[in-house]
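Thank you all for coming.

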Amino acid sequence: MTDNKKIGFFQSGTPWVWLNAGAVSISMIMVIGLLVLIAVRGLGHFWPKAIWQIEYEEGGGITTLIGERAKTETVSARQLREAGVKYNFKEEFVERTLLKIGNRDVYGFDFRLTVAPLEKSVSLPEELIVLERTEWGNFYGELVAVKEDGVITQAGVEELWAKLSSRVERVAELRERIGDIEKSEIGAINFKMEKLRLRTRAMELAGRDDAEEQAEIAGTKAQLDADYDALKTRLDVLYADIRRDAVTLRVMTGEEVSINLSKVVKATRPNAMSIPTKIQHYFGNLIDFVSDDPREANTEGGIFPAIFGTVMMVLLMSVIVTPFGVIAAIYLREYAKQGFVTRLVRISVNNLAGVPSIVYGVFGLGFFVYVLGGNIDQLFYPEALPSPTFGSGGLMWASLTLALLTVPVVIVATEEGLARIPRAVREGSLALGATKAETLWRIVIPMASPAMMTGLILAVARAAGEVAPLMLVGAVKLAPSLPLDMNAPFLHLERKFMHLGFHIYDVGFQSPNVEAARPLVYATALILVAVIILLNLSAIYIRNHLREKYRTLEQ
Amino acid sequence: MATTSISSDLFENQASRSIDQEDICITCEDFSLSYGTKQALFDINLKIPTNRATAFIGPSGCGKSTLLRCMNRMNDLIDGINISGQMKLHGKDINTRDVNVTELRQQVGMVFQKPNPFPKSIFENVAYGLRLQGITNKTEIEDRVEWSLVNSALWGEVGDRLQDNAFSLSGGQQQRLVIARAIAVRPQVLLLDEPASALDPISTLKIEELIAELKSQYTVVIVTHNMQQAARVSDYTAFLYLGKLIEFGPTNVLFTAPGERQTEDYITGRYG
Ligand SMILES: Nc1ncnc2c1ncn2[C@@H]1O[C@H](COP(=O)(O)OP(=O)(O)OP(=O)(O)O)[C@@H](O)[C@H]1O
Ligand SMILES: [Mg+2]
């Protein structure tokens with residue numbers, strides 16, 4: 001191969017190889033960078049953070065500040081002076097910290113800024129505790145007393161702490177029981193009550209005056225009322241129980257504040273924790289995040305309903321989009337006469353994939369929700385009117401809208417798969433006396449199924465990340481109940497649902513306390529990415545399985 | 001092609017009869033075909049006898065496959081085909097509207113040049129045609145699958161691994177599997193389009209032996225580029241050239257005393 005030497009550098013193709021490799025590396029770096037950023041910011045949030053006690057020079061005197069360092073940055077002294085900090089800085093650049101001081105109910109705000117030169121002394125006292133609360137955000141302070149059943153205990157730090165921990169555990173248990181009753185049992189009663197109300201209304205509308213049925217309804221209603229009263233009594237007892245204990249804490253201003261334990265979710269002493277305990281708490285926090293309901297306008301608590309809603313929506317979308325896409329592709333490729341019209345259809349389908357998703361959202365709202373949903377309500381749910389059943393956004397319409405959005409991907413992928421099935425195999429089947437339909441059903445479609453799965457994978461990836469259209473057709477900030485529960489018919493397609501993508505938007509940009517919620521945005525984004533990856537991995541697993549089964553194309 | 005002459009001992013086991021004494025299975029009468037504007041077959045007149053092996057020979061592109069594929073209407077799948085004249089199976093034109101194509105294809109089976117097993121198990125490949133016919137009785141299917149595999153000389157090799165994927169077989173085994181698949185539906189006619197061209201000599205030999213076996217029960221039509229193969233397996237041979245049937249007759253006659261100049265040139269290797 002002596003000729004090789006004469007080939008110029010450019011002809012040899014080396015620069016193009018390098019160019020391609022470079023492009024691939026840059027893309028990889030960007031993707032990995034993004035994931036790492038999200039992961040670090042999102043996962044860091046759950047690590048128990050140290051609580052600093054800072055003696056801070058301010059207004060001519062010294063104040064004590066207690067809080068977590070949320071963010072530290074270097075800013076120029078001039079910038080600070082312009083911002084109104086009255087201090088003669090020797091340094092040109094100083095460290096400025098955003099301190100999360102919590103206790104929003106006491107101070108009225110839960111963040112403040114400090115600059116390093118004014119921090120006269122800093123320490124990490126072990127006795128400082130953090131209370132995670134059901135409202136008003138975190139509480140930071142020093143334990144003073146625990147009030148149990150009206151008896152106030154004031155003892156040593158350790159003893160008090162042990163007492164508080166056990167009281168918080170008790171409250172958590174009670175809260176779970178209350179939640180169970182309120183959600184499942186009272187929820188079920190409400191559901192049945194609503195059903196009864198609709199039945200009565202339906203009878204009215206139909207002008208039926210069936211005394212027997214009315215009596216039956218009244219009977220069931222009385223029964224439900226009795227059940228409800230029984231539950232209510234049980235609940236009242238539990239509520240009294242949960243409100244029994246309180247804790248008194250001294251905050252940084254020296255004030256002593258009493259907090260009822262019914263409002264406390266978790267109590268920790270991060271400064272006193274060893275690394276293993278921190279790790280344990282870390283995973284505990286992470287699990288709570290993915291399994292709990294959100295609190296405080298979504299800025300606290302978990303995101304379970306959003307995860308559930310996203311997965312449900314994507315699964316439902318897959319169930320809808322696959323048959324439609326596959327049937328359309330089969331018709332286009334196998335049955336339609338190839339010509340101008342099929343070309344036109346193909347071009348249109350390909351272009352549909354490029355239509356902005358909000359346009360699909362508007363279409364979904366206008367057609368699915370108002371026209372279809374409105375008519376369904378008129379026909380099948382007149383008794384519930386004027387409140388809409390299917391006539392407002394919901395899981396079903398959101399899935400349908402996204403199915404519409406992703407159907408081009410499935411069509412294109414399936415068509416490609418069908419085109420790749422060797423002619424010889426089809427002829428083999430036909431030569432045995434199979435009809436075209438039999439050949440398709442028994443040979444071609446199974447062989448093209450990996451390609452269909454590829455289409456579905458792409459569709460899932462796109463649908464799971466889509467937010468804009470969902471805002472119009474059913475995703476909400478806070479859904480009162482999950483679309484799947486124990487009340488027949490179990491799957492409630494008309495219900496509104498929460499969605500991770502929309503949750504990110506809501507928490508990050510619509511919440512009253514953006515600063516506090518920022519880490520949650522990253523954490524939620526990470527979960528969204530993880531959910532998409534998981535959904536895709538399972539689809540890829542199925543596809544590889546199918547490929548293995550029908551591996552002929554490689555031969 | 002290296003063939004210069006065909007030794008006469010090849011014809012030992014062939015009946016030397018004239019076509020008029022045979023029972024005729026397929027008849028072509030003035031059969032012409034064109035792909036769009038390009039004519040591929042010109043007025044073919046041919047009688048294929050029952051339970052005999054008939055070979056089609058001729059240079060590449062002369063229309064052998066085209067003619068073969070007309071015999072079970074595989075050409076229906078191709079757009080823009082025009083045919084004229086008649087193609088008859090047992091005296092009945094197969095190109096009329098009232099002919100059920102799937103039934104026709106069950107009667108006239110076909111094996112292609114490259115083995116084309118389905119991505120299923122060996123058993124399911126053979127059972128495919130049976131299931132299409134609506135046979136659901138398990139023992140009947142099992143019996144027929146075994147019978148087909150025995151008759152296609154494959155049972156000994158695969159009898160103990162019927163549930164394996166068909167693609168785990170070698171090329172020659174795959175081709176015999178495809179033949180088994182074709183005979184499982186009990187056709188009357190078996191069309192073979194260069195069944196051994198992708199195979200090694202030993203597999204080829206097996207296929208040839210198989211054809212010799214099969215022709216006692218089936219009418220076999222085989223397209224081949226291999227003169228010796230045609231001489232070995234067939235009773236009758238048709239020579240096609242540029243879409244025309246040049247000569248047709250008993251194989252031993254055609255090979256030892258060709259009636260046409262073109263035939264002689266072709267079988268002695270002067271072109272093709
Ligand atoms: N689908 C088709 N469309 C158009 N022309 C075709 C088509 N199939 C075959 N032909 C043409 O018809 C003629 C006969 O083709 P055919 O395949 O029957 O030849 P053959 O004798 O089988 O050749 P080979 O020995 O190479 O297989 C050739 O000229 C070919 O180009
Ligand atoms: Mg051919």
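By a nonpolar core I mean a set of buried Ala, Val, Leu, Ile, Met, Phe, Trp, Tyr and Cys residues joined through C-beta atoms within 7 Å, where buried requires 20 or more other C-beta atoms within 10 Å of a residue's own. Please keep in mind throughout that this is a predicted model.

With that in hand, the largest nonpolar core has 153 residues, and those with the most contacts inside it are Leu190(B) and Val221(B). Helix 10 of chain A, residues 395-420, gives the most to this core, contributing 16 residues. Apart from this core lies another one, of 26 residues, which includes Ile51(A), Val247(A), Met252(A) and Val264(A).

Which residues does Val221(B) touch, if we leave out those up to four places away in sequence? They are Ile48(B), Thr54(B), Phe56(B), Leu68(B) and Met71(B), together with Val189(B), Leu191(B) and Leu192(B).

Val221(B), in strand 8 of chain B, stands opposite Leu191(B), and strand 8, residues 219-223, is joined by 5 bridges to strand 7, residues 189-193 of chain B, the two running parallel. In chain B, 6 strands form an open sheet in the order 6-7-8-3-9-10, with mixed pairing; its edges are strand 6 (108-111) and strand 10 (244-250) of chain B, each of which pairs on one side only, and the twist from one strand to the next averages 15°. Across strand 6 and strand 7 of chain B lies helix 6, residues 171-184 of chain B, which runs at about 175° to strand 6.

Turning to the ligand, the residues surrounding ligand 1 include Tyr35(B), Lys38(B), Ala40(B), Gly61(B), Gly63(B), Lys64(B), Ser65(B) and Thr66(B). Strand 2 (38-49) and helix 1 (64-70) of chain B each supply at least two residues of this shell, and the largest share, 3 residues, comes from helix 1 of chain B. By class, the shell around ligand 1 has 4 nonpolar, 6 polar and 2 charged residues.

Finally, the interface: 18 residues of chain A are in contact with 19 residues of chain B. On the side of chain A that touches chain B, the elements giving two or more residues are helix 11 (423-431) and helix 12 (436-465) of chain A, with the largest share, 6 residues, coming from helix 11. That side of chain A divides into 9 nonpolar, 5 polar and 4 charged residues.

Technical notes
Residues are numbered from 1 along each chain as its sequence is written. Chains are lettered from A and ligands numbered from 1 in the order in which they are written. This is a predicted model: local features need pLDDT of at least 70, side-chain atom pairs count only at pLDDT 80 or more; totals for chains, interfaces and linings use all residues. Two strands pair if DSSP finds at least two bridges between them. Helices (H or I, at least four residues) and strands (E, at least two) are DSSP runs, numbered from the N terminus. Axes are lines fitted to C-alpha atoms, for helices over the stretch in contact, and angles run from 0 to 180 degrees between N-to-C directions. Two residues are in contact if their C-beta atoms, placed from the backbone, lie within 7 Å. A residue is near a molecule or strand if its C-beta atom, placed from the backbone, lies within 6 Å of it. Ala, Val, Leu, Ile, Met, Phe, Trp, Tyr, Cys and Pro count as nonpolar, Asp, Glu, Lys and Arg as charged, and the others, Gly among them, as polar. A residue is buried if 20 or more other C-beta atoms lie within 10 Å of its own, exposed if 12 or fewer, and partly exposed in between; C-beta atoms are placed from the backbone.
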